[in-house]
Amino acid sequence: MATLEKIKVEISVVLGGQTMPIHQLLRMGRGAVIELDHSADDDVDILANNLPVAKGQVVLKGDRVTVSITEVLNRPASYRRLDDVVKI
């Protein structure tokens with residue numbers, strides 16, 4: 001178990017995206033709102049080390065924002081590359 005505690009995994013949740021010219025982005029000030037290409041009811045993508053691993057829903061519980069996993073994405077064993085493996 002001690003070996004597993006040393007493994008670092010970066011988890012990201014992608015709520016949506018937007019494309020805009022850089023000059024428009026630079027003109028935005030603090031508090032500006034960027035409209036995303038997904039609605040509030042759409043599933044979010046959950047990434048582990050920038051690889052998609054699951055889908056989920058954003059859930060508001062009081063003043064906390066959580067993500068509930070709704071689907072775990074299957075990946076074939078052949079997908080794993082040797083350069084992705086980190087030796088400890």
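In the predicted model, Asp-45 is partly exposed, with 28% of relative accessible area. This value falls in the intermediate class because a residue is called buried under 20% and exposed over 50%. Lys-55 belongs to the partly exposed class as well, at a relative accessibility of 26%. The side chains of Asp-45 and Lys-55 form a salt bridge, with a distance of 2.6 Å from N to O. This contact lies within the cut-off of 4 Å between a side-chain nitrogen of Lys or Arg and a carboxyl oxygen of Asp or Glu, and therefore qualifies as a salt bridge. Distant parts of the chain are linked by the pair: Asp-45 is located in strand E2 (residues 44-48) and Lys-55 in strand E3 (residues 51-61), 10 residues apart. The structure contains one salt bridge.

The strands that carry this pair were then considered in the context of the sheet. Four strands make up an open sheet in the order E1-E2-E3-E4, and their pairing is antiparallel. In general, the strands of a sheet pair through backbone hydrogen bonds, in either a parallel or an antiparallel manner. For E1 and E2, the pairing is antiparallel and extends over four bridges. Within this part of the sheet, Ser-12 has Leu-47 in E2 as its bridge partner.

Attention was next given to the loop between E2 and E3, where Asn-49 and Asn-50 are placed. Most residues other than glycine have a negative phi. Asn-49, although not a glycine, has a positive phi of about 50°. A positive phi is also found for Asn-50, with a value near 65°, and this residue is likewise not a glycine.

Asn-49 has a relative accessibility of 43% and counts as partly exposed, whereas Asn-50 has a relative accessible area of 60% and is exposed. The assignments differ because the limit for an exposed residue is over 50%.

Definitions and conventions. Residues are numbered from 1 along each chain as its sequence is written. This is a predicted model: local features need pLDDT of at least 70, side-chain atom pairs count only at pLDDT 80 or more; totals for chains, interfaces and linings use all residues. Side-chain values use heavy atoms; hydrogens and water are left out. Helices (H or I, at least four residues) and strands (E, at least two) are DSSP runs, numbered from the N terminus. Buried means under 20% relative accessible area, exposed over 50%, partly exposed in between (1.4 Å probe, protein chains only). Two strands pair if DSSP finds at least two bridges between them.
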